[in-house]
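Hello,

Here is the structure I said I would pass on. Please open it first, then read the notes below it.

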Amino acid sequence: MEQGILAERQDQIHRTGEGPFELACNRDSLAGAVSQRACVFCGSRVVLYPIADALHLVHGPIGCAVYTWDIRGALSSGPELHRLSFSTDLQEKDVIFGGEKKLKAALLELIARYQPKAAFVYATCIVGIIGDDVAAVCRDVTAATGIPVIPVQSEGFKGNKREGYTAACKAMFTLTGTGDVSGISPISVNILGDFNLAGEIWIIRDYFKRMGVEVVANITGDGRVDDIRRANGAALNVVQCSGSTMELAKMMQEKYGIPSLRVSYLGIEDMADSLYAVAEHFKDRDPGIVERTQQVVREELAVLLPQLKQYRKDLEGKKVAIYVGGAFKAFSLIKAFRHLGMQVVLVGSQTGTTEDYAELAAICDPGTVIVDDSNPLELSKFVKELDVDLFVGGVKERPIAHKLGVGFCDHNHERKEALEGFVGMLNFAREVHASATSPIWQFVPRREAMAKAAKGEGI
Ligand code: SF4
């Protein structure tokens with residue numbers, strides 16, 4: 001057994017170039033491995049809660065409600081009800097006698113007080129164990145209040161984070177088809193899988209506007225209930241972070257016949273390719289759209305490319321580790337780092353599929369370590385072994401990087417700087433440069449020792 005890797009996890013790690021590509025994935029985390037993954041409930045909440053005019057009520061003990069706006073700061077251009085966290089705070093008595101009455105009372109009180117457009121009720125582990133009929137309570141409260149009250153069957157123990165995405169998609173699907181779709185342009189899209197963490201959906205909406213494309217619904221960054229209710233009137237679903245929302249796109253294709261495109265707004269090529277793919281889709285209905293899209297890309301690149309050059313000269317040759325939630329982001333990051341002259345030596349995700357990893361293996365350099373559903377022990381081992389200069393990840397990877405004395409770039413829930421779109425690529429380069437070239441890292445004991453050894457000095 002390799003030090004730092006549990007025997008049962010060996011088949012979830014692969015080095016490109018070492019034998020045929022095979023990687024086990026999309027299975028429950030190994031007990032005791034301290035996975036970087038969050039639970040089913042968290043998966044559903046991160047997808048749904050950017051819907052800013054809905055009430056989000058966590059039915060469970062107060063601890064589950066720790067996943068709040070603070071953890072994923074999705075921005076809203078209007079209402080901000082999503083920033084408030086509500087919990088039924090189940091206690092021992094509720095666990096013994098059931099929590100349904102408490103849930104109903106909480107919903108009626110909150111709906112009367114905040115007048116939301118809809119309410120999502122999240123089932124947590126304990127609710128699954130005691131068997132509260134969340135759906136029945138939601139039906140009762142819908143009848144009493146007249147707003148959609150939607151159960152999210154996200155009991156934390158019933159699978160991995162992907163199950164949470166499924167629960168969120170099923171919940172949103174019940175809203176679609178309940179709004180007025182009149183007046184929607186035939187050149188229209190829904191934006192799926194962007195969460196507007198740093199105002200990024202506004203950047204993407206601006207590109208679409210300049211292309212002449214109407215955006216019907218943001219799903220879910222800066223999302224609105226009424227927009228999702230009429231999302232079935234859009235001509236196309238553009239799906240980023242396909243792990244979290246592709247299922248909704250599939251359901252909409254089946255029921256409403258809306259096709260979907262998988263896109264990414266990260267990096268130069270993927271951002272441009274995504275806009276061109278949308279233009280290509282609509283070019284028969286709107287022959288001018290291709291030229292307008294080329295114009296958007298030209299204008300943005302004219303600003304971006306000269307500025308990127310200055311960062312590349314310092315970053316050339318530095319090594320990067322990537323560990324992200326959904327694998328789609330890793331594809332774009334690898335390409336973005338190539339633009340900066342940097343080499344990705346480790347890449348992994350919490351929820352990648354067999355197809356995702358095969359695609360990753362195809363674009364990675366030989367010797368790159370690919371890892372599914374990793375843990376701090378493994379990640380630390382590889383960061384040291386591969387002598388990484390920069391780690392890209394989220395809130396749970398940040399301490400690993402900093403404790404090991406390498407630069408860190410938050411590309412997840414907590415980021416405050418827009419990293420999508422052409423302008424986002426520039427912000428990304430600036431942040432990567434500042435972190436990877438910080439003089440502080442030379443004083444980390446591990447690096448000091450390596451520098452001395454390189455000079456032939458004693459340690
Ligand atoms: S739903 Fe279960 S696993 Fe998730 S936070 Fe609550 S208790 Fe923990």
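**Helix 10**

Start with helix 10, residues 268-282. Its 15 residues should span 21 Å at 1.5 Å a residue, and its end C-alpha atoms are 22 Å apart, so the two values agree. Keep in mind that this is a predicted model.

Which residues of helix 10 are buried? They are Ile268, Asp270, Met271, Ser274, Leu275, Val278, Ala279 and Phe282. In an α-helix there are 3.6 residues a turn, so residues three or four places apart point the same way. You can look for that spacing in the list.

**The whole chain**

The protein chain contains 17 helices and 14 strands. Its radius of gyration is 23 Å, close to the 23 Å that the globule rule gives for 459 residues, so the chain is as compact as a globular protein of that length. The C-alpha trace spans about 80 × 60 × 40 Å along its principal axes. Of the 459 residues, 51% count as buried. If you take contacts between residues at least 6 apart in sequence, 73% of them join residues at least 24 apart.

**Domains 1 and 2**

The protein chain is divided into domain 1 (40-172), domain 2 (188-299) and domain 3 (316-415). The centres of domain 1 and domain 2, taken over C-alpha atoms, are separated by 28 Å. To the contact, domain 1 gives 20 residues and domain 2 gives 19 residues. On the side of domain 1 that touches domain 2, helix 1 (40-48) and helix 6 (161-173) each supply at least two residues. Helix 6 provides the largest share of that side, five residues. Sorted by class, this side of domain 1 has twelve nonpolar, four polar and four charged residues.

**Helix 6**

How many of the 13 residues of helix 6 are buried? Ten are, and helix 6 is mostly covered. The buried residues are Lys161, Arg162, Glu163, Gly164, Tyr165, Ala167, Ala168, Cys169, Ala171 and Met172. The length of helix 6 can be checked as well: at 1.5 Å a residue its 13 residues should span 18 Å, and its end C-alpha atoms are 19 Å apart, which agrees.

**The ligand**

Around it are Cys39, Phe41, Gly60, Cys64, Thr124, Cys125 and Gly156. This shell has four nonpolar and three polar residues, and no charged residues.

Regards

Key. Residues numbered from 1 in each chain as written. Predicted model: local features only at pLDDT ≥ 70, side-chain atom pairs only at ≥ 80, totals over all residues. Helix = DSSP H or I, 4+ residues; strand = E, 2+ residues; numbered from the N terminus. Rg over C-alpha atoms; globule rule 2.2 N^0.38 Å. Buried ≥ 20, exposed ≤ 12 C-beta atoms within 10 Å, placed from the backbone. Contact = placed C-beta atoms within 7 Å. Near = placed C-beta within 6 Å. Nonpolar A, V, L, I, M, F, W, Y, C, P; charged D, E, K, R; others polar. Expected span 1.5 Å × (residues − 1). Domains from an automatic or database assignment.
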